[in-house]
Amino acid sequence: MAVKPKPQIKDFYKHHYRVSLAVVIVFQFISVCVLAGALVTAEILNHMEPLFWLLLILALVTGLLVNIIALGVIIEPMRAIAAALSYVAGEKSADRPPNPNTGRYAKDGTKNMLDLIYALTYEHDTGHTSAKIAPIDQPTILDLDNALAQTSSSVVIFNPKGDITYASAHAPVRTSPKGVKQLDLMFDSGDITFEYWLKDCAKDKIDNQKVWVRVHTDPNSTGEPRIYDIAASYSRGSETEVVLVIQDRTDQYLPDEKDLDFIAFAAHELRGPITVIRGYLDVFDEELEGKLTDEQKTLLGRLVVSANRLSTYVNNILNVSRYDKKHYQITLSEQRVFDIYDSVAHDMEMRAATLGRLLTVDIPHDLPTVAADPNSITEVLANLVDNAIKYSSEGGIITIKATLAGDFIEISVIDNGIGMPDSVVHNLFHKFYRSHRSREQVAGSGIGLYISKAIVESHGGTISVHSSEDKGSTFTFSLPIYKTVEQKLVSGDNGNNKGVINTKQNWISNHNMYRG
Amino acid sequence: MAIKTILCIEDDRLIGEMYVRSLRKAGYDVDWMISGNDGLVAARNKPYDLILLDVMLPERKGSDILKTLRSGNHDMIPNSKVLVLTNFEQDEESRMAMEHRADGYLIKADITPRKLLGIIEQLAK
């Protein structure tokens with residue numbers, strides 16, 4: 001059996017109104033019937049005449065309209081009182097509680113009743129018997145002032161006129177040229193500003209509380225910028241109508257604010273979906289193994305390659321941003337070129353194969369180890385392979401090879417694509433540089449080579465290009481052989497690369513920025 | 001050290017679900033918290049073998065959680081490994097502080113569930 005819900009006060013008025021309305025309608029019908037009887041009995045009109053019916057309908061409509069309007073006016077105070085009671089009873093309602101200060105309530109006397117309902121509730125909830133505060137001895141205020149000055153908290157009090165009547169020592173309050181004290185804050189956090197909250201309170205609240213976090217000082221203010229958490233309390237009619245308790249949290253929040261770097265945030269947002277796309281593609285790759293046709297495998301491969309390239313682009317943007325701010329650092333350690341390539345071999349082969357290029361790799365196992373940051377170098381490789389794919393045609397061959405050259409290992413990415421004239425080559429590593437021809441034919445941003453050069457040079461190597469039109473291009477970069485720089489690395493005497501060799505056991509790191 | 005129980009603190013439901021699904025499939029006992037405060041409470045109340053910790057979390061940032069759990073000489077989770085898994089590039093100071101207290105610091109976008117399983121195996125050795 002269904003449980004009957006507890007009757008709500010707000011439903012009383014609706015019910016009462018419906019019953020009253022029904023009574024009015026029934027009475028109107030009765031009146032019209034009486035009128036009809038009178039007309040017929042007095043033989044003024046009989047029911048055969050159209051005028052008889054017209055008169056009856058007119059009487060019915062006019063009577064109904066007048067009585068329904070009158071009903072609304074008569075029971076309005078009841079509506080207001082019921083709504084106020086419903087509000088103080090804590091019932092949920094879409095309607096705002098009635099404001100006793102509305103003109104018509106003052107006129108018809110409902111105001112007194114509404115005020116009483118709200119005042120009784122306030123006393124009941126707070127235990128205050130009066131909105132007036134007890135007088136405070138001056139020494140107490142002084143003590144409190146001193147005590148507050150010792151803390152990072154402050155208090156600001158407003159009177160019912162909205163003037164600041166008290167502000168403790170560290171309160172974010174400034175005095176305008178006219179001598180008026182005002183808050184020196186910009187309420188840019190939270191759902192509403194302090195001013196709007198006050199207006200809301202003045203409209204229909206008796207007492208109210210609100211907390212804002214991370215409120216900054218007004219940027220136009222001359223003082224040092226601070227960040228506060230603020231608790232506000234409103235109590236209608238009290239001499240201290242609004243009290244703000246303000247906690248200075250600059251020390252806690254400021255380090256975070258430094259993190260609020262636009263590019264870092266944009267990258268964070270972009271990387272979220274990339275994580276999910278790459279992750280689930282990998283899950284598919286594993287779980288659908290053996291179930292896909294060759295064509296479906298090719299299509300899945302294209303998705304994987306596109307997601308990987310997207311990830312490379314985001315890393316490029318982040319790295320360029322850090323490099324330009326001189327924040328880009330790398331962690332050098334002893335690495336085998338073969339291992340570095342091997343960690344991304346599958347990705348590189350897929351990138352080439354998906355776009356119909358053949359990738360051949362010639363990296364001897366027995367080359368000396370290099371000093372490298374493997375994650376950065378895989379980014380360089382990805383950028384160079386992507387470039388070779390872009391500037392060659394389908395069926396083209398891309399070769400990656402590594403050779404020993406003095407104190408360095410040289411790694412080359414060779415394509416047999418469209419190549420470049422000499423005039424283009426020397427601009428190639430500039431940021432955002434795109435040759436006239438590539439702007440027309442190939443999409444790209446022009447930051448891949450720029451950041452690759454930055455990465456290679458951070459390793460102490462160089463990057464160069466040899467190209468001839470219609471024959472293809474060869475990009476070559478060099479990395480120092482580990483033995484030649486080992487002494488420097490271990491002693492930490494290498495300027496940029498502080499703490500280069502991470503000896504922490506089980507240390508795993510794949511972050512792409514702020515290396516070192 | 002064998003890894004059996006894992007606490008994943010991650011607010012992005014799609015990412016969290018992805019990792020948690022794969023970890024559970026691989027036989028790990030995984031609890032998943034989506035807010036910083038819940039994550040901290042869980043980490044304090046149960047000794048997990050591994051905590052996967054996001055940085056940008058509601059209520060309490062991952063860096064703060066890690067600082068609370070492991071600060072100075074006081075390690076509340078001496079038997080747990082911590083892998084920071086984030087897509088957010090922090091400033092160097094914050095990142096170094098997290099790296100110092102954690103057993104790994106990884107960019108989520110580069111870590112597929114399969115890679116994560118490999119890393120956890122490596123961590124358990």
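A residue counts as buried if 20 or more other C-beta atoms lie within 10 Å of its own, exposed if 12 or fewer, and partly exposed in between, with C-beta atoms placed from the backbone. By that rule, the buried residues of helix 10 of chain A are A:Val337, A:Ile340, A:Met348, A:Arg351 and A:Ala352. This is a predicted model, in which local features need pLDDT of at least 70 and side-chain atom pairs count only at pLDDT 80 or more, while totals for chains, interfaces and linings use all residues. Residues are numbered from 1 along each chain as its sequence is written, and chains are lettered from A and ligands numbered from 1 in the order in which they are written.

**Helix 10**

- Helices (H or I, at least four residues) and strands (E, at least two) are DSSP runs, numbered from the N terminus.
- The 18 residues of helix 10 of chain A should span 26 Å at 1.5 Å a residue, and its end C-alpha atoms are 25 Å apart, which agrees; the expected span is 1.5 Å times one less than the number of residues.
- Helix 10 of chain A bends by about 55° at A:Val344, the bend being the angle between axes fitted to the seven residues ending there and the seven starting there.
- A:Gly356, with a positive phi near 75°, follows helix 10 of chain A.

**Five-stranded sheet**

- Five strands of chain A make an open sheet in the order 10-12-13-15-14, with mixed pairing; two strands pair if DSSP finds at least two bridges between them.
- Strand 10 (358-362) and strand 14 (463-468) of chain A are at the edges with a single partner strand each, so one side of each has no neighbour in the sheet.
- Strand 10 of chain A runs parallel to strand 12 (residues 397-405) of chain A, joined by five bridges.
- In this pair, A:Asp362 stands opposite A:Lys401.

**Six-stranded sheet**

- An open sheet of six strands in chain A has the order 2-1-8-7-6-5 and antiparallel pairing.
- Its edges are strand 2 (164-167) and strand 5 (185-186) of chain A, each with a single partner strand.
- Two bridges pair strand 5 of chain A with strand 6 (residues 207-217) of chain A in the antiparallel sense.
- A:Leu185 stands opposite A:Thr217 in strand 6 of chain A.

**A:Leu60**

- A:Leu60 lies in helix 2 (residues 50-88) of chain A.
- A:Leu60 is partly exposed, because 17 other C-beta atoms lie within 10 Å.
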